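Subject: Structure for you to look at

Hi,

Here is the structure I promised to pass on. Please open it beside this email and find each residue as you read.

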Amino acid sequence: MNRPETRFGSFCDIRYPIAFWVAFLAGVLASSPAWAQHAAAGRAADLDSTIEPAEPEEPRVEPNYDAPLPVDEKLKNSAAKDIANILRAGKFANPQEQQNFDKFYNSYFLARWTEPKNFTNLSACRKDLRNNFRTAKSGDVFNHLNALTLDFMGKLAAANRPPVVRVNALLQIGELNRVEQSGSQSPVPLPEALTVLLAAVENAKLPDGLRAAAMVGVVRHASGVSDDDTRRTLSAAMLRLAASEPAPTSTVAGHGWIVAQAIEALGLLGSVGENNVVFNAMLKAVADAKLPPFARIAAANALGRLNYSSATGLSAVEAALTLEPLAAEGCAEALRLAKTADDKSIERRRIMPYLDAVLTALGGEDANHKGIASLAKEPAQQAFLAELLKIVKDANDVLDDERKKEDDMKPTVEGLQKSLDAWLKKKPK
């Protein structure tokens, strides 16, 4: 049985719009100690000063970032038509044409990313660049633009520049393709970009937000990796991140996000790992109380993406017993928050990600991924897991019914709690 379709997906699902990631990463950067002073600029205006006169503000100390790169605005109009023709042609007519091409991108098109006036518009800059790649489609110019962009953005990400510039540079690197999308054919990420991204995510000296930005691209690569060498390299790196301790400058949310994305990537790779190392890492993350809930939810979702067809030495019962507390935690959290709500009602969004993740882990993400329940071979084990899946699914279906009001959900959640407690007592010997 596969999980039901709900409105809630994996917390780290790559289907979320990139704007979602940018918003989250901005929050992570703002909470990182090394970046806090810059992120806090201007917050004094939000404080209520109506009771006592405000103290004079101390002079604001701005971070000493590198100066913006010089931008040749004249190239915007004078060279744009020639560049469009080169992109469509797919090849350079002569060395001078390539030099003009490089000057346009290095001195204008990409250099403008460093100008403060463009900081709120960098997502549009990334979109413009994607359109350039789609115009080129393939060939010498396409490959040259990839190499030029990777080099330029790698330097921006490593430089002493404002967080928004470095985050967007890493997001751009993660979006680079070796093959662009064509019809029903999915794009193929640029392999050279993965090397840069992995170097960033494994650099514990970088702020959480930058490493998490790089992880967005890594997860994208994991969703389309085809060769075995890259798969092994990526799997080993993600396992190291999943088991890593927080860096001295990390926040709980930042470290949890990186772990969650690493586990998301492992789930997309689909293997339980040699000696079940990937499976065990995911179960450990589900049970790790030090991780924030969204990271443990991501781990449960990832368990539902693994291929168990040839797996050996795995205990379906022990895995289910590890998952059950996640559903119980979702119940407890929803009921706790209901006590403080004005109408004392249950918020679906507080509990459904927990339940959906447990269902995904047990029943699998889709018809090609059977989930942990498929590991149960003995009738008693199969019945034990089937009962847990039914208990959670029945409650989930009620909560997912938009016709039902949230203030009617409390009995369902309390009933789920009691059913989970009763289920635990039936563990097969």
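Arginine 349 and glutamate 347 form a salt bridge. Their closest N and O atoms are 3.2 Å apart. Why do such pairs form? Side chains of opposite charge can pair when their charged atoms come close. Arginine 349 has a relative accessibility of 48%, so it counts as partly exposed. Glutamate 347 is at 27%, so it counts as partly exposed too. Keep in mind that this is a predicted model.

How many salt bridges does a search of the whole structure find? The search finds 18. Here are some others to look up.

Start with glutamate 175 and arginine 130. They form a salt bridge, with the closest N and O atoms 2.9 Å apart. This pair links distant parts of the chain. Glutamate 175 sits in helix α8, which covers residues 163–175. Arginine 130 sits in helix α6, residues 122–136.

Is glutamate 175 buried or exposed? Glutamate 175 counts as buried, because its relative accessibility is 16% and the cut-off for buried is under 20%. Arginine 130 has a relative accessible area of 25%, so it is partly exposed.

This pair also belongs to a network of salt bridges. The network links Arg126, Arg130 and Glu175. Show these three side chains together when you look at it.

Now go to helix α17, residues 379–399. Lysine 393 and aspartate 397 both lie there. They are 4 residues apart, about one turn of the helix. They form a salt bridge, and the closest N and O atoms are 2.9 Å apart. Lysine 393 is partly exposed, with a relative accessible area of 22%. Aspartate 397 is partly exposed as well, at 33% relative accessibility.

**A patch of negative charge**

Which residues gather in a patch of negative charge on the surface? They are Asp342, Asp343, Asp407 and Asp408. Take aspartate 407 as one of them. Aspartate 407 lies in the loop between α17 and α18, and α18 covers residues 410–424. Its relative accessibility is 47%, so aspartate 407 counts as partly exposed.

**Buried residues in two helices**

Helix α7 runs over residues 140–158, and threonine 149 is found in it. Threonine 149 has 0% relative accessibility, so it counts as buried. What does its side chain reach? The side chain of threonine 149 reaches the backbone oxygen of leucine 145, at 2.8 Å.

Go back to helix α6 for leucine 129. Leucine 129 is also at 0% relative accessibility, so it counts as buried. Now compare sequence with space. Leucine 129 and glutamine 172 are 43 residues apart in sequence. From C-alpha to C-alpha, they are 8.9 Å apart in space.

**Another pair to compare**

Where is alanine 328? Alanine 328 lies in helix α15, residues 316–340. It has a relative accessibility of 25%, so it counts as partly exposed. Alanine 328 and leucine 355 are 27 residues apart along the chain. Their C-alpha atoms are separated by 9.0 Å.

**Two asparagines in a loop**

Last, look at the loop between α12 and α13. Helix α12 covers 252–269 and helix α13 covers 277–287. Asparagine 275 is in this loop. Asparagine 276 lies in the loop between α12 and α13 as well.

Check the backbone angles here. Phi of asparagine 275 is near 55°, a positive value in a residue other than glycine. Phi of asparagine 276 is near 60°, again a positive value in a residue other than glycine.

Now check the cover. Asparagine 276 is buried, with a relative accessible area of 11%.

Asparagine 275 gives one more pair to compare. Asparagine 275 and leucine 314 are 39 residues apart in sequence. In space they are 9.7 Å apart, C-alpha to C-alpha.

Best wishes

Terms used. Residues numbered from 1 in each chain as written. Predicted model: local features only at pLDDT ≥ 70, side-chain atom pairs only at ≥ 80, totals over all residues. Heavy atoms only, no water. Salt bridge = Lys/Arg side-chain N within 4 Å of Asp/Glu carboxyl O. Buried < 20%, exposed > 50% of the residue type's maximum accessible area, 1.4 Å probe, protein only. Patch = residues over 30% accessible without salt bridge, like charges linked within 9 Å, V, L, I, M, F, W, Y side chains within 5 Å. Areas by Shrake-Rupley, 256 points an atom, 1.4 Å probe, with all protein chains shown as cover. Lys, Arg positive; Asp, Glu negative; His and termini not counted. Charge placed at Lys NZ, Arg CZ, Asp CG, Glu CD. Polar contact = N/O pair within 3.5 Å; in protein donor to acceptor, adjacent residues only side chain to side chain.
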